[in-house]
Protein chains: 2
Amino acid sequence: MNEVLKVGLIGLGTVGQGVVRVLATNAEEIAQRAGRRIVVTDASVRDASRARDCDLSGIRLHADPFAVVNADVDVIVELIGGISPAQELIAAAIARGKPVVTANKALIAERGNEILAAARAQGVLLAFEAAVAGGIPIIKVLREGLTANHIDSLAGIINGTCNYILTQMTAKGQSFAAALADAQKLGYAEADPTFDVEGIDAAHKLAILASIAFGMPLQFAAVATEGLSKVQAQDIQLARELGYRIKSLGIAKRSARGVELRVHPTLVPEDHLLAKTDGALNAIRVHGNAVGQTVYVGRGAGGEPTASAVIADLIDVARLVGADARHFVPALGFGADTLRALPTLAFADIESAYYLRLQVADEPGVLRAITSILAELDISVEAILQKEPRDDEDATLAIISSEIPEHRCDLALAKLRELPFVRPDVSRLRVEHFA
Amino acid sequence: MNEVLKVGLIGLGTVGQGVVRVLATNAEEIAQRAGRRIVVTDASVRDASRARDCDLSGIRLHADPFAVVNADVDVIVELIGGISPAQELIAAAIARGKPVVTANKALIAERGNEILAAARAQGVLLAFEAAVAGGIPIIKVLREGLTANHIDSLAGIINGTCNYILTQMTAKGQSFAAALADAQKLGYAEADPTFDVEGIDAAHKLAILASIAFGMPLQFAAVATEGLSKVQAQDIQLARELGYRIKSLGIAKRSARGVELRVHPTLVPEDHLLAKTDGALNAIRVHGNAVGQTVYVGRGAGGEPTASAVIADLIDVARLVGADARHFVPALGFGADTLRALPTLAFADIESAYYLRLQVADEPGVLRAITSILAELDISVEAILQKEPRDDEDATLAIISSEIPEHRCDLALAKLRELPFVRPDVSRLRVEHFA
């Protein structure tokens with residue numbers, strides 16, 4: 001057996017503690033797979049007095065994370081998250097020729113191009129399986145498993161907080177605000193939930209997946225996002241009656257027109273696996289021209305699942321230390337010299353099917369006026385559902401459109417809003433059929 | 001860019017043609033990922049006159065497959081299947097120091113230990129992603145993606161023919177014989193369906209997955225199999241009413257008592273992803289102690305999906321040619337010197353929940369007599385369903401038992417069969433809850 005692989009761990013939060021625990025619990029099997037033992041020898045902690053749910057004996061603790069980079073370790077694991085000082089720490093590790101494993105999706109998505117270039121220049125491995133979808137080895141699948149394919153699209157439930165909230169809204173008929181409050185009480189959502197419910201976290205992950213799938217540099221700024229707060233309880237109910245579930249999806253597609261990178265609440269046909277992925281689970285659908293549709297499901301967050309990904313990367317590192325860098329899998333799957341920035345489409349330019357919900361006065365001629373506007377704009381109605389008004393309430397109309405350019409959908413909405421019997425509360429959500 | 005990787009292809013059937021097509025269609029992306037072009041330069045065909053659905057220009061065709069091994073190629077792709085001459089061809093390639101990619105599950109499952117030992121001795125890569133579950137990169141997932149985990153169980157729909165037949169039986173209420181006949185007409189089942197419907201094909205695949213999951217040599221002979229023919233249309237219907245779907249699963253589990261390797265029709269709770277995987281799809285559930293449950297779904301057979309796996313292996317080979325073998329991922333995930341044969345359990349020794357179906361005369365005291373026998377053997381009834389007799393037919397009784405040793409279940413069945421009002425047509429199927 002080779003020498004021990006000495007790990008320097010920056011950050012002993014949920015994931016860091018998970019890494020220490022799993023490395024200890026599964027030490028023997030991990031050594032049998034990696035060809036050497038993998039041992040955390042140094043770690044940095046912000047608050048050394050805090051109780052931690054793992055055995056830290058044998059680990060030198062440092063207050064200064066840079067001391068971990070400078071310690072006698074073979075590889076750095078960065079788990080503090082955020083841009084700074086994570087970026088400086090990783091840069092320092094690379095400069096010292098030390099491979100890096102990170103779970104930092106924000107950093108990879110926003111600064112990955114420069115960080116990966118630096119790693120490449122030094123011939124140093126930089127691995128980030130844990131940055132996306134926790135324990136699902138989706139980066140390895142895209143980067144090494146589906147490499148024969150021209151991947152034309154991927155779509156995934158990649159934010160557990162959103163999926164938990166939508167699952168609760170669906171199961172209990174709750175409003176978004178009530179489900180969010182429950183999620184916060186249970187620790188599934190942060191006190192400031194913006195990052196999750198506005199789609200920024202999913203956008204980070206989507207940018208990473210799209211780069212690897214399509215062979216383009218990280219283009220986080222091009223991800224279009226739409227938050228969960230616009231989903232109302234009645235939309236979930238109407239979608240169900242039309243045969244759909246509402247999920248917050250990260251979607252990447254490419255066509256001759258360009259690349260779409262978008263995160264938004266989406267109607268998904270109820271018989272698709274993505275529609276059936278509930279709670280805190282993640283699921284990702286990948287479509288390639290050889291393999292067809294494949295789907296990957298698992299826990300997307302938490303100490304142990306994320307540690308599973310971090311340690312898989314460490315095992316790859318353990319095996320490749322000392323190898324010529326030409327034997328490495330390129331960080332984004334494609335050779336760095338072949339990555340090409342691709343033109344991306346804004347929401348206004350995408351094509352999609354849409355779900356429209358209108359509240360209308362219960363008068364004769366309403367349906368004819370609405371369908372006339374849609375027909376004039378060459379928008380076909382794939383499904384329609386009108387709910388009887390109760391008492392003197394307005395009637396509710398839900399429509400699934402054909403695939404149309406979004407600007408045309410919005411034009412139709414503008415015209416519909418001008419109708420005297422259409423109330424201001426209009427909802428528009430995108431629909432994916434995964435044909 | 002490095003030199004071209006020259007591929008010698010043995011076998012130009014469905015998968016071989018798929019490999020030629022996908023390598024041509026996706027040539028540019030594959031080269032960008034592999035760091036070099038991958039080109040089939042030589043191929044062997046049994047019948048050169050047969051029309052093939054791919055462009056063979058530029059490929060030297062040989063009648064003798066050994067001529068491909070001896071040609072000026074960098075890697076051999078073996079796609080003829082079966083034990084001989086595939087084994088001799090692969091041995092010859094290894095002896096010449098040429099890496100091998102194969103889709104041959106029978107050969108790897110039955111002769112893998114010696115073949116992998118020979119490859120190791122020569123420092124030659126031998127890859128077989130295509131041997132299991134077509135386009136789903138499940139071998140890479142187990143061997144490299146979930147390596148942090150102690151994997152305690154896996155279960156999968158890994159035979160598309162069985163899944164197609166069961167899906168048809170479920171959708172149409174067909175008998176096994178009728179659904180099989182339809183599958184044969186449509187080309188989803190062979191004229192001699194034994195290999196698929198008796199679980200031998202799935203047993204090959206399960207033996208490979210279990211080795212990689214558990215770190216043991218290939219133990220194909222230890223796989224217990226039970227065929228599909230014992231499933232009757234009424235079992236499918238009763239299972240549905242009890243909240244289950246019947247799927248043919250390959251199951252590998254390990255515990256302190258030993259390893260279970262088994263293929264058999266199985267009742268799966270209707271809300272589990274495996275229950276929802278229909279038609280010719282494959283799906284595999286893996287449970288690890290860090291990651292929890294993960295599930296992988298995709299097309300399990302066919303030219304293009306299988307070619308996807310073959311070419312992914314070729315890209316790995318392209319990257320690793322010339323590397324020291326200590327940088328290779330071990331063929332079975334664990335270092336070869338750490339593989340340990342594990343004791344395996346026969347069907348009689350496993351523990352499981354069971355579905356029992358009895359036809360009984362519609363007399364007073366029947367239910368009491370049956371439940372008394374079960375209680376005496378300490379078998380709890382988790383669910384029970386009695387169907388009213390129509391006209392003067394017997395009543396049908398379906399029972400889901402608690403988890404019990406199979407020998408005790410069979411003892412109960414023997415005692416039940418002795419009851420005067422129990423008819424000889426008794427059915428017993430295993431139930432998995434994936435707790």
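I began with the secondary structure of chain A, which comes to 14 helices and 17 strands; helices (H or I, at least four residues) and strands (E, at least two) are DSSP runs, numbered from the N terminus.

I noted that this is a predicted model, in which local features need pLDDT of at least 70, side-chain atom pairs count only at pLDDT 80 or more, and totals for chains, interfaces and linings use all residues. Residues are numbered from 1 along each chain as its sequence is written, while chains are lettered from A and ligands numbered from 1 in the order in which they are written.

I looked up the domains of chain A, whose bounds come from an automatic or database domain assignment. Domain 1 covers 5-135 + 303-338, domain 2 covers 138-299, and domain 3 covers 347-431. I found 50 Å between the C-alpha centres of domain 1 of chain A and domain 3 of chain A.

I then turned to overall dimensions. The C-alpha trace of chain A spans about 80 × 45 × 35 Å along its principal axes.

I checked burial next: buried residues make up 54% of the 435 residues in chain A, a residue being buried if 20 or more other C-beta atoms, placed from the backbone, lie within 10 Å of its own.

I also examined contacts (C-beta atoms, placed from the backbone, within 7 Å). Of the contacts in chain A with a separation of 6 or more, 75% join residues 24 or more positions apart.

Lastly, I compared the copies, superposed by least squares on the C-alpha atoms of residues with pLDDT of at least 70 in both. A rotation of 180° with 0.0 Å of shift along its axis places chain B on chain A (RMSD 0.0 Å). That is the relation of a two-fold axis. In chain B, the C-alpha of Y296(B) is nearest the axis, 2.4 Å from it.

Terms used: A residue is buried if 20 or more other C-beta atoms lie within 10 Å of its own, exposed if 12 or fewer, and partly exposed in between; C-beta atoms are placed from the backbone. Two residues are in contact if their C-beta atoms, placed from the backbone, lie within 7 Å.
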